[in-house]
Amino acid sequence: MKKLIVLALVALGGFAVWRRLQQDRAELDLWTEATSADS
C-alpha cells in the first residue's frame with residue numbers, strides 16, 4: 001500500500017512540474033511575440 005501512495009505522489013509531482021514547464025514556455029512565447037521587432 002505504501003508503494004501505491006508513493007507512486008501517486010511521484011506522479012502528481014511530475015505532473016505539477018510538467019504543467020509548470022508548459023506555463024513557463026507559453027509565457028516566454030507570449031513575451032517573445034510582444035517584444036519582437038518585426039511589427
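**View 1. Tryptophan 31 on the helix.** Tryptophan 31 has its place in helix H1. The model shown is a predicted one. With a relative accessible area of 59%, tryptophan 31 is exposed, because a residue counts as exposed when this value is over 50%. Leucine 21 stands ten residues away from tryptophan 31 along the chain, and the C-alpha atoms of these two residues are separated by 15 Å.

**View 2. The chain as a whole.** Helix H1 covers residues 2-35. Taken along the principal axes, the box filled by the C-alpha atoms is roughly 60 × 5 × 5 Å. The chain has 39 residues, of which 0% count as buried. Its accessible surface comes to about 4000 Å², and carbon and sulfur atoms account for 68% of that surface.

**View 3. The salt bridge between arginine 20 and aspartate 24.** A salt bridge joins the side chains of arginine 20 and aspartate 24, with a distance of 3.6 Å from N to O. This distance qualifies because the cut-off for such a pair is within 4 Å. The two residues are four residues apart in helix H1, so about one helical turn separates arginine 20 from aspartate 24. Arginine 20 counts as exposed, at 52% relative accessibility, whereas aspartate 24 is partly exposed, with a relative accessible area of 35%. The count for the model comes to one salt bridge.

View 4. The chain carries 5 positive and 5 negative charges. The mean position of the positive charges lies 25 Å from the mean position of the negative charges.

**View 5. A nonpolar patch on the surface.** Six side chains are the subject of this view: Met1, Leu4, Ile5, Leu7, Leu9 and Leu12, which form a nonpolar patch on the surface. Together these residues have about 710 Å² of accessible area. One of them, leucine 4, lies in helix H1. Leucine 4 is exposed, with a relative accessible area of 55%. That value exceeds the limit for patch members, because a residue must have over 30% relative accessible area to belong to a patch.

Conventions:
Residues are numbered from 1 along each chain as its sequence is written. This is a predicted model: local features need pLDDT of at least 70, side-chain atom pairs count only at pLDDT 80 or more; totals for chains, interfaces and linings use all residues. Side-chain values use heavy atoms; hydrogens and water are left out. Patches are made of residues with over 30% relative accessible area and no salt bridge: like charges are joined within 9 Å, nonpolar side chains (Val, Leu, Ile, Met, Phe, Trp, Tyr) within 5 Å. Accessible areas come from the Shrake-Rupley method with a 1.4 Å probe; for residues, only the protein chains shown count as cover. Buried means under 20% relative accessible area, exposed over 50%, partly exposed in between (1.4 Å probe, protein chains only). Lys and Arg count as positive and Asp and Glu as negative; His and the chain ends are not counted. The place of a charge is taken as NZ of Lys, CZ of Arg, CG of Asp or CD of Glu.
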